[in-house]
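Open the model in your viewer and keep the sequence panel beside it.

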Amino acid sequence: MIKLHHLNKSRSKRIIWLLEELNVDYKVVPYQRDSVTFLAPPELKSVHPLGKSPVIEDDDLIITESGAITEYLIDKYANGQFAPTRGTNEYIEYSQWLHFAESSAILPLLLKMFIEKDGCETNFLASYADIETAKVLQFFDASLKGKRYLVADQLTGADIMMSFIVEIVKNNDELGKYKNIAIYAKQLASHPAFIRADEIELEAEA
């Protein structure tokens, strides 16, 4: 059985969603953020030295990083679903979006979040974060024009990875600025496994 080490209010909710879509046996091991520092508890370091989530255990393997976990689970358990055929142009596009989520997309959003949480005056970072966040989200929004999903008109691991970016936009009450992302958010939320992932996360917090 797959074991998912899940931290509340983190990127690992999308791994719950993927596991639900794959319909595999798995167990969620929940961890709660510190109410003051919002950091992960030290117990996660017993699973992996970085003490971060998500982490999965499967067949004596310990796998970290959301993108690597997503690729591993789809390669092993999806039976050809949730990713285009390797060697095709669609697969290249899929791979770019899958990695975009944890590279170009997330950095400015996290910078913006940390600056706002800290409340500090900055000489450079605040304006950089604002400019880069707008650039990333405008690109994302434009890429979704006329589409239900990012690649091949079907749900893939790229959509599951990018769902965390959508969640940040939604939590910041900024979906109204991005018409296509707003439509996409509703499309993702139409999947029963997406809804179950939300419910499972809430149960893990209880």
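**Before you start**

This is a predicted model, in which local features need pLDDT of at least 70 and side-chain atom pairs count only at pLDDT 80 or more, while totals for chains, interfaces and linings use all residues. Residues are numbered from 1 along each chain as its sequence is written, and side-chain values use heavy atoms, with hydrogens and water left out.

**Stop 1: the whole chain**

Show the cartoon. The protein has 8 helices and 4 strands. Helices here are DSSP runs of H or I with at least four residues, strands are runs of E with at least two, and both are numbered from the N terminus. Follow the chain from the N terminus: the order is β-α-β-β-β-α-α-α-α-α-α-α.

Now zoom out. The C-alpha trace spans about 50 × 45 × 30 Å along its principal axes. The radius of gyration is 17 Å, which agrees with the value near 17 Å for a compact globule of 206 residues. That radius is taken over C-alpha atoms, and the globule rule is 2.2 Å times the number of residues to the power 0.38.

Colour by accessibility. Of the 206 residues, 47% are buried. Buried means under 20% relative accessible area, exposed means over 50%, and partly exposed lies in between, with a 1.4 Å probe and protein chains only. Turn to contacts, meaning heavy atoms within 4.5 Å. Among those between residues at least 6 apart in sequence, 66% join residues at least 24 apart.

**Stop 2**

In soluble globular proteins, nonpolar side chains tend to be buried together. Select Ile56, Leu73, Phe140, Leu150 and Met162. These touch the most other members of the largest nonpolar core, which has 55 residues. Helix α6 (residues 157–171) gives the most to this core, with 9 residues. A nonpolar core is a set of buried Ala, Val, Leu, Ile, Met, Phe, Trp, Tyr and Cys residues joined through side-chain atoms within 4.5 Å.

Which residues does Phe140 contact, leaving aside its neighbours within four places in sequence? Show Trp97, Leu150, Met162, Ile165, Val166, Ile181 and Tyr184. Another core lies apart from the largest one and has 6 residues, among them Val29, Tyr31, Leu44 and Val55.

**Stop 3: the largest pocket**

Switch to a surface. A pocket is an open set of points on a 1 Å grid over the protein atoms alone, with protein on both sides within 12 Å along at least five of seven lines; a cavity is a set where a 1.4 Å probe fits but cannot get out; lining residues have an atom within 4 Å of a point. Points are joined across faces, edges and corners, and a volume is the space filled by probe spheres set on them.

Select Lys9, Arg11, Arg33, Leu110 and Phe114. Of the 35 residues lining the largest pocket, these lie nearest its centre. The volume of the largest pocket is about 1,100 Å³. Helix α4 supplies the largest share of this lining, 7 residues. By class, the lining has 15 nonpolar, 9 polar and 11 charged residues. Ala, Val, Leu, Ile, Met, Phe, Trp, Tyr, Cys and Pro count as nonpolar, Asp, Glu, Lys and Arg as charged, and the others, Gly among them, as polar.

**Stop 4: the second largest pocket**

Select Lys13, Glu167, Lys170, Phe194 and Asp198. They lie nearest the centre of the second largest pocket, which 19 residues line. This pocket holds about 320 Å³. Helix α6 gives the most to its lining, with 6 residues. The lining has 9 nonpolar, 3 polar and 7 charged residues.

**Stop 5: the cavity**

How many cavities of 30 Å³ or more does a search of the whole structure find? There is 1. Select its lining: Leu109, Lys112, Thr133, Leu137, Ile168, Val169, Asn172 and Glu174. Helices α4 (106–118), α5 (125–143) and α6 each give two or more residues to that lining.

**Stop 6: two loop residues**

Select Ala105, in the loop between α3 (89–100) and α4. Is Ala105 buried or exposed? Ala105 is buried, because its relative accessible area is 0%. Beyond four places in sequence, Ala105 contacts Phe100, Val136 and Ile165.

Finish at His191, in the loop between α7 (179–189) and α8 (192–205). His191 has 15% relative accessibility, so it counts as buried. Not counting residues up to four places away in sequence, His191 touches Trp17, Glu21, Tyr149 and Leu155.
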